[in-house]
Amino acid sequence: MSTAEFCWCVSGRIEQGELVTDFCEAIKIKSGQELAALAHQGIWKCIPSTDSTGDVTGVSLVEKLATFVPSYCVGRVTQASKRGDTVLVKLSPTCKITFRSTYKLAVAGLYKLSFEYRDRGLHIVAAQRVDIAELPAEIEIQPPAAVTKTAPSIEESWQQKLEPLIYAQFPNFRPIHQRINNGVLEWEGLVENRKIRIQGTVGSAALLIHEFSQPQVQLEDSQLDLLRVTPLGAARSIGASCFRVEIGNYEIVLDAGTRPKGSQPLPAFEHLKNPNLILITHAHSDHIGALPVLHSLFPACPMICTPGTREIAQVMLSDCLKVQQRNEDFQPLFDETELRETLFRLETQPIGVEFEPLPGLKVKFINAGHIVGAACIYLQYGNRTILYTGDYNVANSRTTEGLQLHDLPTADVLITEATYGASIHPNRKQQETELVQAVLEIVKSGGNVLIPAFALGRAQEIILALKTSAKFSQTNIPIYIDGLVRAITDVFSEHLNFLPKAVQNLATIGRTPPFIDGVRVIPITDPQQRPLALAKPSVIIASSGMLTGGASVYYAQTLLERENAAIFISGYTDEESPGRLLQEMQTGETVTIDEKDYTVKAQIRKFNLSAHTDRVGIGQVIAKVAPRHLILVHGSFSALNDLARTDLQKHYIIHIPRVGESVEYGVMPTFISEATQIELNKPKVIELEIVSEHDGAWIRVPKDVVDSDPRWQALSTVGNIRAEQFLIDFDASTTPIFST
């Protein structure tokens with residue numbers, strides 16, 4: 001293939017046979033690796049290999065360039081996917097590339113394409129039909145069939161207007177990522193190895209520019225051993241997750257969530273002094289809902305999350321603002337300007353790649369398996385390490401891969417959620433099977449099923465469970481989605497690359513959208529459409545999952561008094577929520593929703609489809625991290641205490657702190673007895689040397705044990721010891737290892 005017809009530039013470094021981009025995505029090098037001798041870091045002109053989904057699976061290096069050149073190609077479209085989200089473009093008799101595209105390109109049409117690399121694929125950002133007279137001489141073509149040129153959208157038109165302004169201000173700008181969402185256009189890229197984000201809006205020539213740079217921190221005497229954790233929320237409860245971590249000289253905030261109800265929705269931000277960094281685990285509102293407030297308090301403090309979390313955060317935080325604006329009892333926590341500024345400055349780092357946001361501070365996001373984008377956070381500075389799990393699940397689900405225990409490092413301190421610290425989940429696959437069967441029984445009898453669900457994660461899991469069920473597929477029962485569920489599902493549909501391959505294959509191999517298809521899964525876009533969802537047998541998936549508000553309340557009020565209807569609760573509910581009260585009621589009892597009483601006639605059932613791990617999974621994570629200090633949070637006080645009373649107390653210093661109560665590495669809680677402190681501080685096993693076996697065994701206790709471990713006195717008094725293991729070296733002395 002003539003490289004004059006194809007130009008793709010990638011800025012990055014070559015490591016162990018891979019091209020690692022400036023955004024830490026590794027691509028296998030298939031040929032041209034000898035160019036690495038020129039320089040390991042640089043701008044590389046490449047030819048990609050792609051699979052049928054548009055993922056770049058490898059590259060061939062062509063040459064090293066001095067400056068960045070925008071990516072383009074000229075080629076003929078030979079195939080378009082049924083969904084229209086990918087096109088196969090023939091560039092030469094031996095080279096075909098699959099691009100991801102929102103353009104409607106005609107098969108057999110010849111185009112000049114501008115594209116960019118993001119989310120492991122080549123995305124077309126501009127397409128121009130090429131006439132025969134304009135083609136390079138070396139391209140042999142047949143006259144293409146007549147095609148209709150698709151007019152650019154308003155956003156695409158403004159993109160073409162704004163890009164010259166960007167390059168006028170930054171001539172050396174190298175775009176890495178571009179997104180268009182609800183009239184907002186955004187570019188991320190590099191200017192002389194400085195990462196910047198540029199944002200524009202439709203109808204305005206003004207550009208917002210933010211440079212991501214490591215903050216300059218004035219460090220005093222380095223405190224390499226200091227590690228202190230202070231919960232600002234989610235202590236002995238669920239809601240407003242937020243933790244102040246002092247590690248070395250730094251003050252770091254982990255999560256910034258809100259409480260769903262009550263007069264104190266915010267974490268105890270008054271305990272913060274001047275944080276150096278804010279890290280977010282995932283986009284559920286109880287972990288991110290207060291981020292705009294925190295950003296307004298400390299506008300210079302960097303905020304970092306995963307790419308998946310940032311994409312979802314826009315929808316979740318916008319919904320939080322709408323809910324607050326409708327609440328006449330309280331003032332909104334933040335306004336639209338503060339929300340927009342927060343999202344614009346929210347940085348991203350990929351999962352699984354270590355980065356250094358502050359001098360000497362190493363951070364790593366680890367896949368948490370909870371929802372799309374969710375991550376555990378690992379911090380290391382000086383001599384101290386800490387792991388904060390956020391919310392996690394060790395089991396795979398339909399939209400996420402479970403937390404892998406081998407990904408977890410050991411750490412001095414572990415902060416773990418314990419939502420289900422007192423219980424063990426039933427088999428998830430069996431729960432899904434029972435849910436599908438229960439749904440079929442109701443709809444086949446002519447009724448409607450409401451499944452109140454968390455909009456983020458749970459709702460999409462249920463959609464996939466129904467759509468992929470062989471039994472349910474044999475029916476023509478529609479699935480309606482309403483409320484925040486609809487908006488979040490749109491994000492999932494637009495970012496399939498964040499989801500497991502099995503979901504992506506539904507679109508490529510199955511030739512059908514995994515979620516909303518307009519035929520089987522139908523979005524309710526206006527409240528006036530809701531009666532249509534109830535007019536005939538159907539399944540309705542709507543938020544909120546606890547029936548505390550949102551579209552699910554409307555449907556519940558309608559279906560509760562129908563004998564052929566059902567409401568199936570799909571996961572966790574607060575103790576005082578209508579969802580919890582409802583699932584504990586019998587037919588004929590009365591429930592109050594929105595200050596109105598309803599007689600329960602519909603079938604009510606609970607299915608456990610939790611995205612949180614259970615007691616067993618929590619124990620596995622604790623054992624793998626092997627912390628000295630174990631901090632239990634994000635659970636009811638009874639669940640936290642039940643977990644703490646297990647054998648864990650024999651191996652770890654366990655804390656269940658209140659809001660504002662600090663836990664410091666090396667400092668014992670006052671309620672732990674002196675004997676227990678000794679057991680926890682001293683080694684469980686020591687080596688004792690047998691010096692004589694005349695009239696019994698005479699052993700020598702090491703001097704450091706005699707000086708520092710009072711347990712040896714009990715040994716000398718009793719004289720009984722238990723052998724755990726013998727290590728025998730026949731070339732030296734026999735050294736048994738004994739338990740003290």
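**View 1. Strand 16 (residues 227-233) and strand 37 run antiparallel and are joined by 2 bridges.** The model is predicted: local features need pLDDT of at least 70, side-chain atom pairs count only at pLDDT 80 or more, and totals for chains, interfaces and linings use all residues. Residues are numbered from 1 along each chain as its sequence is written, and side-chain values use heavy atoms, with hydrogens and water left out. Strands (E, at least two residues) and helices (H or I, at least four) are DSSP runs, numbered from the N terminus; two strands pair if DSSP finds at least two bridges between them. R228 has E664 in strand 37 as its bridge partner.

**View 2. An open sheet contains 7 strands in the order 21-20-19-18-17-16-37.** The pairing in this sheet is mixed. Strand 21 (346-348) and strand 37 (663-664) each have a single partner strand, so one side of each is left without a neighbour in the sheet. Helix 5 (residues 336-345) packs on the sheet and touches strand 20 (303-305) and strand 21, where contact means heavy atoms within 4.5 Å. The direction of helix 5 makes about 25° with that of strand 21; angles run from 0 to 180 degrees between N-to-C directions, and axes are lines fitted to C-alpha atoms, for helices over the stretch in contact.

**View 3. A closed barrel of 5 strands runs 2-3-4-6-5.** Its pairing is mixed. On average, neighbouring strands of this sheet are turned by 55° against each other, direction ignored. Strand 2 (residues 9-15) pairs with strand 5 (residues 41-50) in the antiparallel sense over 5 bridges. Within strand 5, Q41 is the bridge partner of R13.

**View 4. Helix 7 (residues 458-467) packs against helix 9 (residues 484-494) at an angle of about 75°.** The axes of the two helices are 9 Å apart. That angle makes helix 7 roughly perpendicular to helix 9, a term for angles of 65 to 115 degrees. A459, Q460 and I463 in helix 7 meet V485, I488, T489 and F492 in helix 9. The residues of this contact divide into 5 nonpolar, 2 polar and no charged; Ala, Val, Leu, Ile, Met, Phe, Trp, Tyr, Cys and Pro count as nonpolar, Asp, Glu, Lys and Arg as charged, and the others, Gly among them, as polar.

**View 5. Strand 32 (residues 590-593) and strand 33 (residues 596-599) run antiparallel, joined by 4 bridges.** I593 stands opposite K596 in strand 33. The hairpin of strand 32 and strand 33 has 2 residues between the strands, and D594 takes a positive phi near 55° there.

Conventions:
Angles under 35 degrees count as roughly parallel, over 145 as roughly antiparallel, 65 to 115 as roughly perpendicular and the rest as oblique.
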